[in-house]
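Trainee: I am new to this structure. Please show me how to read it.
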Amino acid sequence: MCRSMRVAILVYVLVSWLNPGPAGAQVAAESVATGEKITFRSHVLAEERTVVVRLPESYETSARGYPVLYLLDGEYFFPTAVATVQFLSENAYVHFVAMHQPVPEMIVVGIINVDRNRDFTPTHAPVQGASRFPTSGSADRFLQFLETELFPLIDGEYRTHPYRLLCGWSLGGLLTAHTFLKSPDLFSAYIAISPSLWWDNQVMVQRADSLLSAGSVTSKPLVVTLGALEGSGMTGSVRDNFVPLFGQGSSGESPITYIEIPGESHRYVPYKALFEGLRGLYSEWVMPDEVLAGGLDAVEKFYDDLSVRWGYQVEIPESAYLRLSSTVNDAPSAVQIATLATQRYPTSSWAQYRLGRLHHRLGDLELALDSYRRALALERAYDAPDSERLLAIKSRLAELERETGVR
């Protein structure tokens, strides 16, 4: 996909939310640059529902499956989530300098609200202080909608891994905590951003206490974030009551990850919290330098072990190959690793460029020319005529053509 089209999907989606598709349609899908908006009839909820989907950069050039981030309050946070996931997993500059990317590529599914007070609350509590929630209490029906209708739709339309993440803010965070406690197997991991655990006299805190006392709380990862400037109702229910319940697990560590975002209140914390929440969830994905020093075998073992722990095949990222190819002392081994990168990531101009650099240094000028030209063709396909990467490739190719007299 053309990089310049990434903005187009966000503009398109923001406009298309106001036009939910033809009434009565079973499934109405509108294609956009890097994903689509899907409107379909939910029999569980007896209404039409809309989701917006963004596919990873590598989706069309890869045959592998991807984990799925299900995002609540999609109409508010979908563009932010797309940008966050893209930056953490697809950042072109990271490839440019062969740095590690801390989050895997994933499909982002934003769920557009119809009645969030109804869908995100686990109990019917129509009066909460000065606020009214007359439709509250249908969280379990919403989870049924996810399990029996939305998951099959997404899994049927896209190449997905069974690894699903749920992320929600405020009442969406309440639903996230409720799902973690009551139906943990619906998702593989959870990010609860400023969860409204004050709900119904802190009913979620009470449930967590009971489940922990019975020894029946899931071991699925849960990341809880909170703004440092949130009100006492939030800090009291989340930081002071919910998080301490989990205390120390059998391994001596807390079974949940708590992240406090400095300087942020409830209203604006989601934008930083999603970024930090994903990094916290995937903290063990960062490959230590000592693994890199062990060579290709050590790197492959690291990702094999990671695959076992996460329950699906974790692909070695391009950045790992490129880092490794730039650190090994044996030149033929470096070429072998860079060649692997071009095979595993055939549309990467930078992998081809790095392979060309290695051939160039070894004096294999014909192979270097071929790699540089392949890199140039791949980079030009992105339609970014003045990009730093394109200029670097063109400069290196011109240098070698002058050196060899070949045009």
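Mentor: Start with helix α12, residues 318–327. Helices (H or I, at least four residues) and strands (E, at least two) are DSSP runs, numbered from the N terminus. Eight of the 10 residues of α12 are buried, so this helix is largely enclosed by the rest of the structure. Buried means under 20% relative accessible area, exposed over 50%, partly exposed in between (1.4 Å probe, protein chains only).

Trainee: Which residues of α12 are buried?

Mentor: They are E318, S319, A320, Y321, L322, R323, L324 and S325. Keep the source in mind: this is a predicted model, where local features need pLDDT of at least 70, side-chain atom pairs count only at pLDDT 80 or more, and totals for chains, interfaces and linings use all residues. Residues are numbered from 1 along each chain as its sequence is written, and side-chain values use heavy atoms, with hydrogens and water left out.

Trainee: How many residues of strand β5 are buried?

Mentor: Five of the five, residues 107–111, so β5 is largely enclosed by the rest of the structure. I107, V109 and I111 are buried on one side, V108 and G110 on the other.

Trainee: Which strands pair with β5?

Mentor: Two strands pair if DSSP finds at least two bridges between them. Strand β3 (residues 47–54) is antiparallel to β5, over four bridges. There, V52 has G110 as its bridge partner. Strand β4 (residues 66–71) runs parallel to β5, again with four bridges. Y70 stands opposite V109.

Trainee: Is H360 buried or exposed?

Mentor: H360 is buried, at 15% relative accessibility. This residue lies in helix α14 (residues 349–362). Contact means heavy atoms within 4.5 Å. Leaving out residues up to four places away in sequence, H360 touches L365, A368, Y372, R396, E399, L400 and E403.
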